[in-house]
Amino acid sequence: MASIDELVTRLAHMLPFGERLAKLQNRLASFAEQGIQGVANVIVNVILARNLSHEGFASIGTMIGIHFFVLGMHRTAIVLPFILDSTGDEAAERAAEGRWWWLNLLSLGVIAAALAGGSLLAKALLTSPSALWFVQGLAHTVIVTPALLFFEFGRRVLYQRHLPLTAFVASLVYMLLLLGTAYMVTRTSTSAAIASLSWVVAGVGGGIVATIAAHPGRPRVGEGVAIWWSNRSFAFWQALTNLPYAVYNSSVVVAVGIFGGATAAAAYTAARTLTNPAMSMVTAVDSLDKPRAARALAKDGLAGLRHSVGRTRRLLILITGGYLGLLAIFAGPILRFAFSNAYDHAVAEIRVLALAFFLMCLNQPSETFLIVLRESKILLLTRIVAAGVALFSLWIASPFGLMGACVALLATHVINLADLRIAETISGRRWLKSTPRDREQAEDAPLAEAAAPAPDLERAGR
């Protein structure tokens, strides 16, 4: 039976300018897919911010922060080895895909058990009422995170199969379930624990759609463990890189709460909610561009990888810079529209965060460069430096409240961006020294680049 993507491609070719539209189809679908996820997450946070206390919303923000930490570990240890396990042979990749899927299912059980153990430990040790928001946030992740990771791996499989339109349908189901459940649970007086079930329902629903569209086949857990074991060194070093990364990026709300308390954590969560669409844009680009970068390295060597990463960087400057620039300009009206007057004191902080998030978005192409070259140790070093800067600057800035935290994060990402560009240069030189074929291509690259036409958005969709 033809997939949704095949049917849409056929229809596109029937339209005027259909051939050009078909070339952009995958890129447009990935942006639409991430767009509806981003919109869904913004709206659900707005709904909950309006209906929960600061402490309740802080626990939701903590849940999201801890989830992103686990998501990063899962992505580096499972998803990235899966994405880079590319042979160019469709039948072999399809067989390997099923093994990775069953390995992922096993990992979700391990993650749920680890989170449950951590939640019980936190409840026993952190008995102060002032720490209740953190303990509750960790407890929410026990069921929320496995459900969301089930969906996340399913959509990654769809992209590996070149089915971004099907991924869009799965994300549409995710959005409808997330918003529908959140709306229903907040119609009466509710707790953060009940509200967190919105993500559980959405994650399971979206994951089921992805699984039906890309069925993993018969159970092959043992084979999945074996295929991961052959990638264990790369997975281990990549997972280590996520530990410092979480400190200054995905889970920084926890550090903000530790230094500033529940009110600061809640305000940061509200502010980050409005900047999250930019990160969804980065994810949309990354879903297509990281596999493309891996193929570019395999086909054209280092010159191909640099060209692929350069295209990604220019695209991110255009789209994330445009959105975050508008957010900075209209921060006041947007905050009042989203959260009424609950967080209208954070206008200046939103503007600083918009700039910090723009720099964060620009880190992605350099990280892709290092990941595709499997330079996990260099990436780990840059992230350790950034994490150290983040913790020190957050500690220094803690007397200045949320604004201090935002300025600390801005300084962190300035330094991190500089470190990554240096690391990109070093790793490229290392690769040239170890790969004679790439050295020859590097010598010919200036002539090839001079003869090549400038990249445009149409080719970016190929």
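In which loop is His162 found? In this predicted model, His162 is found in the loop that runs between α5 (132-160) and α6 (164-185).

His162 has a positive phi of about 60° although it is not a glycine. Most residues other than glycine have a negative phi. Arg374 likewise has a positive phi of about 60° without being a glycine, and Arg374 lies in the loop between α14 (347-372) and α15. With a relative accessibility of 39%, Arg374 counts as partly exposed, because that class covers the range between the 20% limit for buried and the 50% limit for exposed residues.

**Helix packing**

| Helix pair | Axis angle | Axis separation |
|---|---|---|
| α3 (residues 54-84) and α10 (residues 232-248) | about 150° | 8 Å apart |
| α15 and α16 (residues 401-434) | roughly 165° | within 8 Å |

Helices α3 and α10 pack at an angle of about 150°, and they are therefore roughly antiparallel to each other, since angles over 145 degrees are counted in that way. The crossing of α3 and α10 is right-handed. For α15 and α16, whose axes cross at roughly 165°, the arrangement is therefore also one of roughly antiparallel helices, and the crossing of this pair, α15 with α16, is right-handed.

**A nonpolar patch on the surface**

Helix α15, which spans residues 376-397, also takes part in a surface feature. Ile258, Phe259, Leu391, Phe392, Trp395 and Ile396 form a nonpolar patch on the surface, and together these residues have about 640 Å² of accessible area. Which helices each supply at least two residues of this patch? They are α11 (252-260) and α15 (376-397), and of the contributors it is α15 that gives the most, with four residues.

Phe259, one of the residues of the patch, lies in helix α11. At a relative accessibility of 33%, Phe259 counts as partly exposed, and Phe259 can therefore be a patch member on the accessibility criterion, which asks for over 30% relative accessible area.

**Helix α15 in context**

Conventions:
Residues are numbered from 1 along each chain as its sequence is written. This is a predicted model: local features need pLDDT of at least 70, side-chain atom pairs count only at pLDDT 80 or more; totals for chains, interfaces and linings use all residues. Side-chain values use heavy atoms; hydrogens and water are left out. Patches are made of residues with over 30% relative accessible area and no salt bridge: like charges are joined within 9 Å, nonpolar side chains (Val, Leu, Ile, Met, Phe, Trp, Tyr) within 5 Å. Accessible areas come from the Shrake-Rupley method with a 1.4 Å probe; for residues, only the protein chains shown count as cover. A salt bridge is a side-chain nitrogen of Lys or Arg within 4 Å of a carboxyl oxygen of Asp or Glu. Buried means under 20% relative accessible area, exposed over 50%, partly exposed in between (1.4 Å probe, protein chains only). Axes are lines fitted to C-alpha atoms, for helices over the stretch in contact, and angles run from 0 to 180 degrees between N-to-C directions. Angles under 35 degrees count as roughly parallel, over 145 as roughly antiparallel, 65 to 115 as roughly perpendicular and the rest as oblique. A crossing is left-handed if the near helix is turned anticlockwise from the far one by less than a right angle, and right-handed if clockwise.
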